[in-house]
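This briefing goes through one protein chain by topic. Please keep the sequence and the model at hand while reading.

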Amino acid sequence: MKRIWVMSNPSRDTGLKHANTVLNTLGAFDCQIRFVQKPADFPSAGEPADLLIVIGGDGTVMRAARRAAPLGIPILGINCGHLGYLAELEPDEIPLISRFFEGDYRIENRMMIRVRTDSGKSFLALNDAVISHGVISRMAELELLCDGDYVSKYYADGLIVATPTGSTAYSLSAGGPVVDPRLDCLVVTPICPHSFVARPILFSADAELCVVNPSLKNHSSVPPETGVLYLTVDGIDSLPLERSDKVTLIKSDITTSFIRMNRHNFYQVLSRKML
């Protein structure tokens, strides 16, 4: 018997209208159904599910993915947001859930990034990690290393390190390339660089990237408020970086698994939702 978890964002799914449609659809099949209110409830929801149905926008799917991926639970997204790039179905396609029970679907694995700071903080990212001055409009001085070797110094509003999934998010807005999600790589995109030659760079997924603020690394006399940087992961987690803190980014062993039922490929979805 299949175990199905259902999670809906009530701010997107008004009155849980679409959640109820999903529950009614699942009622026709031999499965155990559990309604999960938020991603933090996943570990206490019993045995890991065979499927997590997420109803909401891309932000809802990302929050769910960061909890579901370590548990090995595949996700089926139903779009109730603005873009819904990560979702597979629109609300009028909810009956297609039947394909899961018929075995008429495929699993698409998406690369994730493990993000660590010298202060001991660790995060899992599906989209990206951003190092910047946060809400303060001030140019940052950032140094990028790959496998311990110097790559470049950037004078910019910040740096984005994205997965192929995240290449169509903030990185794209900052001038980064669109990367096919079947590729495994790290995309580094400077935000508003003060340079004619600073351009996005693609790194091997096996690379270890480090971002440091060299202006603070060896100068304890710099006032703290001058150089405070923030690390933001997937637009969800944000924390100030300690003086001379280094951010290390590597490919995670954990992947996010998405259930695909439609026949659309990546480029068809890109054209329909982004162009």
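## Salt bridges

At 42% relative accessibility, Lys38 counts as partly exposed, where buried means under 20% relative accessible area, exposed over 50% and partly exposed in between, with a 1.4 Å probe and protein chains only. Its salt-bridge partner is Asp41, the closest N and O atoms being 3.3 Å apart, and Asp41 is likewise classed as partly exposed, at 22% relative accessibility. The term salt bridge is used here for a side-chain nitrogen of Lys or Arg within 4 Å of a carboxyl oxygen of Asp or Glu.

This is a predicted model, in which local features need pLDDT of at least 70 and side-chain atom pairs count only at pLDDT 80 or more, whereas totals for chains, interfaces and linings use all residues. Residues are numbered from 1 along each chain as its sequence is written, and side-chain values use heavy atoms, with hydrogens and water left out.

- By the rule given above, the count comes to 11 salt bridges.
- Arg66 and Asp234 form a salt bridge whose closest N and O atoms are 3.8 Å apart, and both Arg66 and Asp234 are buried.
- Arg110 pairs with Glu108 in a salt bridge with the closest N and O atoms 2.8 Å apart; Arg110 is buried, with a relative accessible area of 5%, and Glu108 is buried too, with 16%.
- A network of salt bridges links Glu88, Arg106, Glu108, Arg110 and Arg260.

## Domains and their interface

- The chain is divided into domain 1 (2-104) and domain 2 (112-253), with bounds that come from an automatic or database domain assignment.
- The centres of domain 1 and domain 2, taken over C-alpha atoms, are separated by 31 Å.
- Eight residues of domain 1 are in contact with 10 residues of domain 2, contact meaning heavy atoms within 4.5 Å.
- The size of an interface is often given as the accessible area lost when the parts come together.
- Between domain 1 and domain 2 about 830 Å² is buried, of which carbon and sulfur atoms give 68%; the buried area is the accessible area (1.4 Å probe) that two parts lose on being put together, summed over both.
- Two salt bridges are counted between domain 1 and domain 2, and the rule also finds two residue pairs in polar contact across this interface, both at pLDDT 80 or more.
- A polar contact is a pair of N or O atoms within 3.5 Å; within protein, one must be able to donate a hydrogen and the other to accept it, and residues adjacent in sequence count only if both atoms are side-chain atoms.

## Nonpolar cores

- A nonpolar core is a set of buried Ala, Val, Leu, Ile, Met, Phe, Trp, Tyr and Cys residues joined through side-chain atoms within 4.5 Å.
- The largest nonpolar core has 29 residues, of which Ile113, Val115, Ile131, Phe203, Leu209, Leu231 and Leu249 touch the most other members.
- Strand 8 (residues 140-146) gives the most to this core, with four residues; helices (H or I, at least four residues) and strands (E, at least two) are DSSP runs numbered from the N terminus.
- A second, separate core of 20 residues includes Trp5, Val61, Ala68 and Met112.
- Leu249 lies in strand 16 (residues 247-260) and, at 0% relative accessibility, counts as buried.
- Leaving aside neighbours within four places in sequence, the contacts of Leu249 include Ile113, Val115, Leu186 and Leu209.

## Buried polar residues

- Asn79, in strand 4 (residues 75-79), counts as buried at 6% relative accessibility.
- A polar atom of the Asn79 side chain lies 2.8 Å from the backbone nitrogen of Gly81, and the side chain of Asn79 also makes a polar contact with the side chain of Glu90 (3.3 Å).
- Asp180 is found in the loop between helix 4 (170-173) and strand 11 (185-191) and is buried at 9% relative accessibility; its side chain makes a polar contact with the side chain of Arg182 (2.8 Å).

## Positive phi angles

- Leu16, although not a glycine, has a positive phi of about 55°; Leu16 lies in the loop between strand 1 (2-8) and helix 1 (17-26).
- Asp234, also not a glycine, has a positive phi of about 55° and lies in the loop between strand 14 (230-233) and strand 15 (237-240).
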